[in-house]
Amino acid sequence: MRPGPYDDAIADLEDARPDLAIARDVLLARYTTFGIGGPADAMVFAHDDDQLVEVLKFCRDRGVPWFLLGGGSNLLIADAGVRGVVLRLAGDLARIDVLDDGAAIAVGAGAKFPKLTRVALDLGWPSAVGWMGTPGQVGGALKMNAGTRDGEVGEVVERVQAATADGVVSVDHAGCGFVYRNSAFPAGWVLTRADLRCDSHRTEEAPELSRRAKMLLQKRHQSQPKQRSAGSLFKNPPGDFAGRLIEAAGLKGAQEGQAAISDVHANFVVNLGGARAADVLALATRAAREVKAQFGVDLEWEVKRVGDFSA
Ligand SMILES: Cc1cc2nc3c(=O)[nH]c(=O)nc-3n(C[C@H](O)[C@H](O)[C@H](O)COP(=O)(O)OP(=O)(O)OC[C@H]3O[C@@H](n4cnc5c(N)ncnc54)[C@H](O)[C@@H]3O)c2cc1C
């Protein structure tokens, strides 16, 4: 194994907490929808809030950097990987409980977002129509306020709970700061649970909602690439579409190594097989530069970049 600056600290964590599942030197490419990303020094699987608080406290006290990897569907992880600890949610943090005759759902942040979408559609929650087709975990969906124009998950959030190095905290809807493809949760928080509510739900409308959701999904499948990606690379600028601008800049189909700007949808960079994070970064930088030069518009990344890209 490569010697790293956090090896001793991670070995101490393994000794101190034999109850934690800790894997060393884990290749992250297999945990991302892009299929891109170098190794993590350690991957730690936490099953509940207490374990998370302990690990976060340990990392803070020992100066070990950490990162929470959800479903890996909105990430570009550097070829050099990620130093320190990559946290993952497991066990009870993946629960979905329907409450209050279907008007409320208590969900763990480690639950699969498509599974939550299915449950909410079956209960007749209109917002879930817009969540359909979004991969990943509930924690990532909350962090990104995932969805589409037909509904975003933030709309139904009553309260979110998080683990921090100082203990468990929670915020109400206003404190979540949901905006288009973002939220205001502080950087040191690992979201662990959410209370969702939809008082306007009508179970008898579930079949109609499912039909609409499927139809919208089919439409998107026709207009989005089939190859591996992290979804939309850039946020849509106000009043316009990032894909339209990149296409108008003449970059549809542009390629860098094994990464390409999709010729189906120009806001998707796809992995043609064996693409490196450096290739994706080079393409994205080129797209943003051309769009700025030709149309004066600054494109903002939607995909999160993680790790050291200077190598
Ligand atoms: C084919 C495809 C289609 C997509 N379509 C859509 C779409 O229609 N609408 C849409 O909004 N998005 C879409 N996306 C993007 C992506 O699926 C969403 O952003 C998703 O919500 C990310 O969730 P994740 O669990 O994969 O997060 P990750 O990619 O693992 O992480 C994203 C960010 O959230 C943070 N995070 C994850 N979990 C937690 C947690 N528990 N606590 C704190 N921080 C956390 C991570 O640290 C990171 O900063 C698409 C992606 C793909 C590949």
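**Figure legends: fold, hairpin and ligand shell**

**View 1. Overall fold of the predicted model.** Buried residues (20 or more other C-beta atoms, placed from the backbone, within 10 Å of their own) make up 43% of the 311 residues in the protein. In this predicted model, local features need pLDDT of at least 70 and side-chain atom pairs count only at pLDDT 80 or more, while totals for chains, interfaces and linings use all residues. Numbering starts from 1 along each chain as its sequence is written. The protein has 8 helices and 16 strands (DSSP runs numbered from the N terminus; helices are H or I with at least four residues, strands E with at least two). Its C-alpha atoms fill a box of roughly 55 × 55 × 30 Å along the principal axes.

**View 2. The hairpin of E6 and E7.** Strand E6 (residues 96–99) pairs with strand E7 (residues 104–108) in the antiparallel sense over 4 bridges; pairing requires at least two DSSP bridges. Asp 97 lies opposite Ala 106 in E7. Between the two strands are 4 residues, and Asp 100 in the turn has a positive phi of about 55°.

**View 3. The shell around the ligand.** The ligand is surrounded by 33 residues (C-beta atom, placed from the backbone, within 6 Å). The closest are Gly 70, Gly 136, Gly 139, Gly 140 and Gly 231. Strands E3 (66–68), E8 (147–148) and E12 (190–197) and helix H4 (138–144) each supply at least two shell residues. H4 gives the largest share, 5 residues.

Terms used. A residue is buried if 20 or more other C-beta atoms lie within 10 Å of its own, exposed if 12 or fewer, and partly exposed in between; C-beta atoms are placed from the backbone.
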